[in-house]
Amino acid sequence: MARALKGIKINPKIKIEEKDGISFAVSCRHCREPLCVKGCITGALTVCDGVITVDRNRCVSCYTCVLSCPYGAVSPSDDGAVQKCELCVKTAEGTPACVRGCPNNAIVFEERE
Amino acid sequence: MAINYLYPEYEAARNYDRCITCRACERQCANGAHEYVDEADKMVCDDSKCVNCHRCVSLCPTRALKIVKSGNTYKENTNWSGKTIDEIYRQAESGGVLLSSMGNPENYPVYFDKILINASQVTNPSIDPLREPMETKVSLGSRPHNIQRDENGRIINNLPPQLSLSMPVMFSAMSYGSISYNAHESLARAAEELGILYNTGEGGLHEDFYKYGKNTIVQVASGRFGVHPEYLNSGMAIEIKIGQGAKPGIGGHLPGTKIVGDISRTRMIPEGSDAISPAPHHDIYSIEDLRQLVFSLKEATDYKKPVIVKIAAVHNVAVIASGIARSGADIIAIDGFRGGTGAAPTRIRDNVGIPIELALASTDRRLREEGIRDNVSIVVGGSIRSSADIIKSVALGADCVYIATGALLALGCHLCRSCHSGRCNWGIATQIPELVKRLNPDMGYKRLVNLMNAWRHEIKEMLGGMGINSIESLKGNRLMLRGAGLNEKELKILGIKYAGE
Amino acid sequence: MQREGQVRIPSGCAISGIIDKSGKRISGEAIIKSISVMHDRSNGLGGGFAAYGIYPEYKDYYALHIFYDSVTAKRECEEYLEGRFDIINLSKIPVRKIREITDEPLIWRYFVTPLPTRLADSQLDEREFVARRVFRINTLIDGAYVFSCGKDMGVFKAVGFPEDVARFYKLEDYEGWCFTAHGRYPTNTPGWWGGAHPFALLDYSVVHNGEISSYDANRRAIEMYGYKCTLRTDTEVITYIIDYLRRKKGLSYEEIASVIAAPFWKTIERMPPQERETHEYLRVMFAAQLITGPFSIIVGFENGVMALNDRLKLRSMVIGEKGDKVYIASEEAAIRIIEPSLEKVWAPKGGQPVVVYLNNPKGGKA
């Protein structure tokens with residue numbers, strides 16, 4: 001059960017887009033040819049085992065990646081560096097949290113070629 | 001309206017210490033009961049819209065919500081209860097027939113809860129289902145009178161078409177229209193995996209589901225919605241619906257707002273038109289007409305499918321069943337007065353019909369007395385709630401049971417009984433696409449499979465406890481039952497003894 | 001005291017059977033010796049024997065053995081019989097008064113054949129006619145109970161240990177090609193002679209060790225076909241099921257075993273196609289005649305015996321063979337006492353029928 005954190009504004013790495021009765025969750029697509037990695041001036045964004053990760057120490061908050069991502073999946077975080085879905089590899093939970101939490105199994109974690 | 005005659009019966013009680021104003025409840029309630037008030041930065045609830053479906057309660061991430069009785073009390077009155085008074089207010093306002101959904105909730109006796117099951121000890125060892133074979137397989141259909149042998153003396157298979165089930169349970173009729181496409185898909189896939197059957201109900205069969213034909217019973221109801229030769233041949237059996245436990249004597253009703261798109265196409269009626277099934281089948285006014293219909297359906301399907309006749313449990317159900325057993329039908333389905341429905345007039349649902357336990361006991365006895373019990377198999381429904389109810393039904397004489405409410409509960413239904421509004425928050429009894437989406441068939445069918453597997457295991461445990469290793473040896477075995485809290489007459493009709501005898 | 005019809009009595013007991021395939025008749029001594037070895041398996045509340053081939057002079061007539069509670073019952077019953085049968089001979093069954101057997105009813109024996117006109121009027125075959133008359137007497141005439149009604153065979157039973165029952169009936173004076181015996185261990189006190197085993201209908205006699213869990217399911221089904229279960233003992237229903245499957249449905253004894261001790265579905269699935277189809281058919285067609293619960297039975301019939309265990313083999317049964325003789329018993333000791341050196345000793349599997357036919361069956365068909 002989630003704890004009631006009151007008065008705290010959260011900036012999630014996954015956002016819901018909805019219109020006309022259609023809704024879906026948008027998070028980093030871990031593209032094969034990522035525009036964000038291409039545009040990163042410091043090399044903070046890298047591809048590691050297919051997962052696009054953020055090195056917070058290198059990020060200088062230029063927000064180029066935020067502008068380049070065609071899905072709008074990158075966003076600023078509270079401490080300045082950018083944040084995005086990293087498939088929960090840093091939290092070492094196994095199944096990503098959004099997949100586990102979706103009550104209708106709308107988000108599915110799959111291997112892609 | 002200036003005067004509020006009707007005070008909401010239930011309230012959503014919110015624990016404000018836990019509420020994080022995530023607004024999930026607001027987004028999820030199809031009745032618009034919850035609202036975020038900007039100025040106060042707070043969630044509030046309009047209780048008059050709450051139907052007590054628990055959608056918000058189940059999805060609240062911090063469990064801040066619960067539904068409680070509002071506690072607005074009338075002066076105590078055994079005769080004029082609050083509910084009775086409210087019903088009069090409603091009718092004074094609308095001038096219409098009261099409509100309700102799901103089964104009879106009134107305080108009539110539940111005979112299953114007064115029947116106890118035996119176990120073997122000492123003189124007869126009980127059997128351990130984990131270590132010994134325990135068979136729950138049943139075969140429904142008619143039995144021929146004589147054995148026939150070929151020239152070599154070998155027995156010829158002269159059995160009429162049978163339905164073979166891995167356990168004595170089937171999913172009962174719920175029409176496409178009263179429940180959603182996703183609900184039907186969940187039922188069909190679960191039936192396939194379990195090796196049992198599900199029933200199309202009177203709404204016809206959607207073309208996407210023809211592929212589950214091996215696990216389908218197609219229903220022919222008085223409105224004949226969706227009935228064409230391909231439909232008849234697509235399933236494993238045909239069920240003629242004469243009546244239904246929740247509303248004996250009248251036909252089904254699906255309002256025009258629900259008749260859109262696929263529903264209208266599957267039912268073969270124009271969009272927006274009310275689908276009101278006539279009370280009788282207009283070609284069955286007597287038992288001989290039923291016989292004609294049974295045989296026309298058999299002709300149309302080349303005598304390859306067994307025919308089921310479904311009736312509601314009414315006062316002379318045993319006599320009616322006897323007539324049906326002689327009409328060429330292979331299986332009789334009896335629906336007790338607790339059966340569920342998408343929508344029915346409240347008075348008929350709550351006052352018409354008899355309990356399935358009594359109907360089953362007297363039908364089984366009557367058919368045996370007339371020597372025709374072998375002509376048909378008996379399937380019963382109308383509130384089978386657990387594996388214990390199944391054991392008791394089989395011991396009273398049934399071959400198999402139908403479950404419907406139980407199946408919907410597995411899919412997420414919370415018995416809020418507002419199906420007739422068409423805004424089911426769980427995606428079951430609705431056609432609104434955003435709501436239907438909420439029931440994921442991939443998850444739904446698994447829950448049904450889980451439920452049935454659990455029941456099958458419990459049935460095996462109880463059978464083993466009685467020293468029986470095959471469900472066929474329980475059929476009609478009333479000596480395995482005893483009553484507690486039943487009077488002489490009830491014991492006599494059920495044909496069981498009192499506990500201690 | 002309640003008659004057995006009102007209360008259900010499970011059986012824990014002893015059974016034994018001897019058959020000489022050549023048809024040679026032996027004295028009842030052997031079976032008495034056999035069953036007395038198993039004394040501890042009974043509690044003295046019931047014992048009985050069935051004997052085949054014991055009435056060679058009257059072998060074409062039905063031998064009715066009847067218990068009467070009173071002289072009035074006897075009169076009523078005899079009147080009934082006279083109206084429907086030609087009574088060739090009647091007499092008391094000779095008994096020996098012994099201390100261990102008390103409270104005996106009147107026990108009479110009649111050799112009868114149906115009156116030709118009555119038989120023709122009834123439009124039934126002879127055996128069905130006799131069976132129906134017997135049911136009539138047992139249900140309608142108070143105090144009269146027909147406990148044996150076959151040709152050239154008879155049942156002898158009473159309340160007491162089987163060896164005492166045998167002495168009472170002077171069983172050693174009878175000679176037959178087949179004897180079966182039973183000693184009873186009921187868990188309450190019946191006190192009624194009719195409740196002991198064997199239970200017989202026409203030529204079928206059944207001795208039974210066990211308790212059927214499916215009793216009420218079987219009873220309800222069989223009563224639909226004209227049988228009346230008056231005794232509420234499991235054995236009664238087994239006898240009727242065998243009579244129904246054999247006489248009315250024409251199944252062979254092996255097929256009957258496949259119905260009452262049917263193989264599991266998993267076993268049937270692994271059978272070759274022809275066999276599988278037959279077994280599937282029998283299980284679906286006769287599902288209500290499946291007998292669940294522990295049992296070991298010996299069924300005597302016109303041309304032999306069948307021994308059968310329930311499919312989980314929850315009761316003991318041993319078969320011994322020597323020459324033309326076949327012995328069946330709940331314990332090997334009961335066989336060895338009468339035939340110390342056997343050619344073959346074995347225990348059949350659960351559900352496997354052992355059918356022993358006479359070398360020259362009567363009427364040619366087995």
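**Chains in contact**

Tutor: In contact, meaning heavy atoms within 4.5 Å, are 16 residues of chain B and 13 residues of chain A. This is a predicted model, in which local features need pLDDT of at least 70 and side-chain atom pairs count only at pLDDT 80 or more, while totals for chains, interfaces and linings use all residues. Residues are numbered from 1 along each chain as its sequence is written, chains are lettered from A and ligands numbered from 1 in the order in which they are written, and side-chain values use heavy atoms, with hydrogens and water left out.

Student: What area is buried between chain B and chain A?

Tutor: Buried area is the accessible area (1.4 Å probe) that two parts lose on being put together, summed over both. Carbon and sulfur atoms give 51% of it between chain B and chain A. The total is about 1,100 Å².

Student: How many salt bridges does the rule find across the interface of chain B and chain A?

Tutor: A salt bridge is a side-chain nitrogen of Lys or Arg within 4 Å of a carboxyl oxygen of Asp or Glu. On the side of chain B that touches chain A there are 7 nonpolar, 2 polar and 7 charged residues, where Ala, Val, Leu, Ile, Met, Phe, Trp, Tyr, Cys and Pro count as nonpolar, Asp, Glu, Lys and Arg as charged, and the others, Gly among them, as polar. Across this interface of chain B and chain A, the number of salt bridges found is 0.

Student: Which residues of chain C lose the most area to chain B?

Tutor: Chain C and chain B bury about 3,500 Å² between them, with 54% of it on carbon and sulfur atoms. Three residues together account for 20% of what the side of chain C buries: C:Arg220, C:Met224 and C:Tyr281.

Student: Which side chain of chain B meets C:Arg311 in a salt bridge?

Tutor: Between chain C and chain B the count is 4 salt bridges. In one of them, the distance from N to O is 3.4 Å, and the partner of C:Arg311 is B:Glu135.

Student: Why is helix H11 of chain B described as largely enclosed?

Tutor: Buried means under 20% relative accessible area, exposed over 50%, and partly exposed in between (1.4 Å probe, protein chains only). The buried residues of H11(B) include B:Ile390, B:Ile391 and B:Leu396. Helix H11 (residues 387–396) of chain B is largely enclosed by the rest of the structure because its buried residues number 9 of the 10.

Student: What pattern does chain A follow along the sequence?

Tutor: Chain A has 3 helices and 6 strands. Read along the sequence, their pattern is β-β-α-β-β-α-β-β-α.

Conventions: Helices (H or I, at least four residues) and strands (E, at least two) are DSSP runs, numbered from the N terminus.
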